[in-house]
Amino acid sequence: MKVAVGVHIIADLYGVDAGLISSADGISPIIENAIKEGNLTEISSQYYQFRPMGASGIALLAESHLSFHTWPEHGLVTLDIYTCGEHSNADRAFNYLLNVLHPTSIEYKKLERGTKIEENVKIDNPQMML
């Protein structure tokens with residue numbers, strides 16, 4: 001049986017309050033809480049502040065990553081959530097972000113990744129899985 005090893009959510013969130021997304025200091029706690037709400041495992045994160053406003057960031061996860069870029073002048077957040085862990089965790093993180101950021105409209109795609117892997121793949125070298 002074929003299975004997907006991961007799920008990847010790619011989203012554009014429109015109509016987001018500029019006050020929430022203008023600064024890295026403002027949006028980073030929201031991203032960190034999304035990671036917690038999604039039961040994801042953060043390895044490290046990096047946030048960047050643009051001048052005069054806007055931010056980008058990426059969180060490296062044991063399961064993969066979560067990244068974003070903001071354009072406060074357009075009320076836009078572009079978002080990328082990829083996890084090879086429990087697929088519903090990506091949905092929980094995404095739904096948390098939607099609930100907090102309150103976009104007026106969204107465009108998103110949810111992709112299954114690695115779909116040509118057989119469910120009963122034999123692991124010859126377990127150390128390669130670490």
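## Close-up views of the predicted protein chain

**View 1. The loop that holds Pro 52.** Pro 52 is found in the loop between strand β3 (42-49) and strand β4 (55-61). In this model, which is predicted, the peptide bond leading from Arg 51 into Pro 52 adopts the cis form, with omega near 10 degrees.

**View 2. The chain as a setting for the close-ups.** The protein chain contains three helices and eight strands, and from the N terminus on these elements follow one another as β-β-α-α-β-β-β-β-α-β-β. Of its 130 residues, 41% count as buried, while the accessible surface of the chain comes to about 7700 Å², with 54% of that area belonging to carbon and sulfur atoms. When contacts between residues at least 6 apart in sequence are considered, 62% of them join residues at least 24 apart.

**View 3. The packing of helix α2 against helix α3.** Helix α2 (residues 24-37) and helix α3 (residues 87-101) pack with their axes 8 Å apart and at an angle of about 140 degrees, which makes α2 oblique to α3. The crossing of these two helices is right-handed. On the side of α2 the contact is made by Ile 30, Ile 31, Asn 33, Ala 34 and Glu 37, and on the side of α3 by Arg 92, Ala 93, Tyr 96, Leu 97, Val 100 and Leu 101. By residue class, this contact of α2 with α3 divides into eight nonpolar residues, one polar residue and two charged residues.

View 4. Leaving aside residues up to four places away in sequence, Leu 111 touches Gly 6, Val 7, His 8 and Ile 10. Leu 111 and Ile 10, although 101 residues apart in sequence, have their C-alpha atoms 8.2 Å apart in space.

**View 5. Asn 39 and its positive phi.** Asn 39 has its place in the loop between α2 and β3, where its phi is near 55 degrees, a positive value in a residue other than glycine. At 53% relative accessibility, Asn 39 counts as exposed.

**View 6. His 102 and its positive phi.** His 102 lies in the loop between α3 and β7, and its phi is positive, at about 50 degrees, although this residue is not a glycine. With a relative accessible area of 56%, His 102 is exposed.

Notes. Residues numbered from 1 in each chain as written. Predicted model: local features only at pLDDT ≥ 70, side-chain atom pairs only at ≥ 80, totals over all residues. Heavy atoms only, no water. Helix = DSSP H or I, 4+ residues; strand = E, 2+ residues; numbered from the N terminus. Buried < 20%, exposed > 50% of the residue type's maximum accessible area, 1.4 Å probe, protein only. Contact = heavy atoms within 4.5 Å. Areas by Shrake-Rupley, 256 points an atom, 1.4 Å probe, with all protein chains shown as cover. Axes fitted to C-alpha atoms, helices over the stretch in contact; angles between N-to-C directions. Parallel < 35°, antiparallel > 145°, perpendicular 65-115°, else oblique. Left-handed = near helix turned anticlockwise from the far one by under 90°. Nonpolar A, V, L, I, M, F, W, Y, C, P; charged D, E, K, R; others polar.
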